[in-house]
Amino acid sequence: MDWLTPEAWSAVVLSLRVSLTATLVSLPLGVFVAHALARWSFPGKQVLNGLVHLPLILPPVVTGYLLLLTFGRQGPVGGFLDQCCGIVFAFRWTGAALAAAVMAFPLMVRAIRLSIEAVDPGLEQAAATLGASRLWVFATVTLPMILPGILTGAILAFAKAMGEFGATITFVSNIPGETQTLPSAIYAFLQVPGGEGTAIKLVLVSVAVAMAALLASEVLAARMARRLGGT
């Protein structure tokens with residue numbers, strides 16, 4: 001435990017909490033959006049596709065500022081949620097999770113969409129001709145076949161959320177114990193004399209977590225693919 005200071009450990013734990021929350025909360029929406037982009041035709045489809053991938057193009061600071069304008073206490077959404085439900089995002093860890101989810105969402109959707117597009121539409125059509133509803137076709141035919149893609153998308157989103165910095169620090173600042181995630185802590189330690197050693201340790205932790213997530217994604221996706229291929 002002496003390897004890192006209590007403040008540094010707090011940043012590691014908070015980053016794991018923020019990343020897990022961002023991934024789990026956004027996953028159902030990610031599956032829905034990916035399926036809509038892969039299989040449906042509707043007005044505004046290209047607009048939706050552009051909005052999903054916008055965080056990859058915009059500077060993270062711009063994304064964070066837009067989140068602050070929208071979900072801050074003076075923003076239209078944030079003000080409403082604060083008054084009606086007592087939910088506050090700005091300068092809270094929940095806001096860090098929201099920023100991480102927004103920045104990671106494009107990677108999640110992309111991975112899941114590619115897995116859906118790889119499924120033979122004829123299998124879904126065959127199930128539909130037998131009288132199955134769209135929801136039942138998705139649950140019994142499409143979903144089992146895209147599980148490796150869902151898992152890959154979730155782990156990539158988790159790894160991206162762990163490394164999110166620009167949007168997070170703009171939206172929720174850098175408050176130790178509340179919003180100071182791993183990247184924010186590394187930045188803070190680099191600003192004080194003698195903090196380089198702790199910053200390097202946090203960099204090593206960040207790299208180790210990201211590599212573990214990517215390796216787990218490859219291993220678990222391969223195992224799922226083999227199981228599905230054997231059925």
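Q: What does Glu-124 form a salt bridge with, and how far apart are the closest N and O atoms?
A: Glu-124 pairs with Arg-39, and the closest N and O atoms are 2.8 Å apart. A salt bridge here is a side-chain nitrogen of Lys or Arg within 4 Å of a carboxyl oxygen of Asp or Glu.

Q: Which parts does that pair tie together?
A: Glu-124 sits in helix α6 (residues 121-129) and Arg-39 in helix α1 (residues 6-39), so the bridge ties together parts that are 85 residues apart in sequence. Helices (H or I, at least four residues) are DSSP runs, numbered from the N terminus.

Q: What sort of model is this, and what goes into the values?
A: This is a predicted model, where local features need pLDDT of at least 70 and side-chain atom pairs count only at pLDDT 80 or more, while totals for chains, interfaces and linings use all residues. Residues are numbered from 1 along each chain as its sequence is written, and side-chain values use heavy atoms, with hydrogens and water left out.

Q: Back to the pair. Is Glu-124 buried or exposed?
A: Glu-124 counts as buried, at 10% relative accessibility. The cut-offs are under 20% relative accessible area for buried, over 50% for exposed, and partly exposed in between (1.4 Å probe, protein chains only).

Q: How many salt bridges in the whole structure?
A: The search finds 3. Another one joins Arg-73 and Asp-82, with the closest N and O atoms 3.7 Å apart. Arg-73 is partly exposed at 47%, and Asp-82 is partly exposed at 27%.

Q: And what does Glu-117 form a salt bridge with?
A: Arg-113, with 3.0 Å between the closest N and O atoms. Both residues lie in helix α5 (residues 93-117), 4 residues apart, about one turn of the helix. Glu-117 is partly exposed at 37%, whereas Arg-113 counts as buried at 16%.

Q: How is a pocket defined?
A: On a 1 Å grid over the protein atoms alone, a pocket is an open set of points where a 1.4 Å probe fits, with protein on both sides within 12 Å along at least five of seven lines; lining residues have an atom within 4 Å of a point. Grid points are joined across faces, edges and corners, and the volume is the space filled by probe spheres set on the points.

Q: Which elements give two or more residues to the lining of the largest pocket?
A: Those are α1, α2 (45-57), α3 (60-71) and α5. Helix α5 gives the most, with 8 residues.

Q: How does that lining divide between nonpolar, polar and charged?
A: There are 20 nonpolar residues, 5 polar and no charged. Ala, Val, Leu, Ile, Met, Phe, Trp, Tyr, Cys and Pro count as nonpolar, Asp, Glu, Lys and Arg as charged, and the others, Gly among them, as polar.

Q: What about the second largest pocket, what volume there?
A: About 340 Å³. It has 13 lining residues, and the closest to its centre are His-35, Trp-40, Arg-134, Leu-135 and Phe-138. The elements that give two or more residues are α1, α6 and α7 (134-162), with α7 giving the most, at 5 residues.

Q: How many charged residues in the lining of the second largest pocket?
A: It has 3 charged residues, along with 7 nonpolar and 3 polar.

Q: Next, Ser-19. Buried or exposed?
A: Ser-19 counts as buried, at 0% relative accessibility. Ser-19 is found in helix α1, and its side chain reaches the backbone nitrogen of Met-162 at 3.2 Å. That is a polar contact: a pair of N or O atoms within 3.5 Å, where within protein one must be able to donate a hydrogen and the other to accept it, and residues adjacent in sequence count only if both atoms are side-chain atoms.

Q: Which residues does Ser-19 touch?
A: Not counting residues up to four places away in sequence, Ser-19 touches Phe-158, Ala-161 and Met-162. Contact means heavy atoms within 4.5 Å.

Q: Last one: what is Ala-34 in contact with?
A: Leaving aside neighbours within four places in sequence, Ala-34 is in contact with Val-109, Ile-112, Arg-113 and Ile-116. Ala-34 lies in helix α1 and is buried at 0%.
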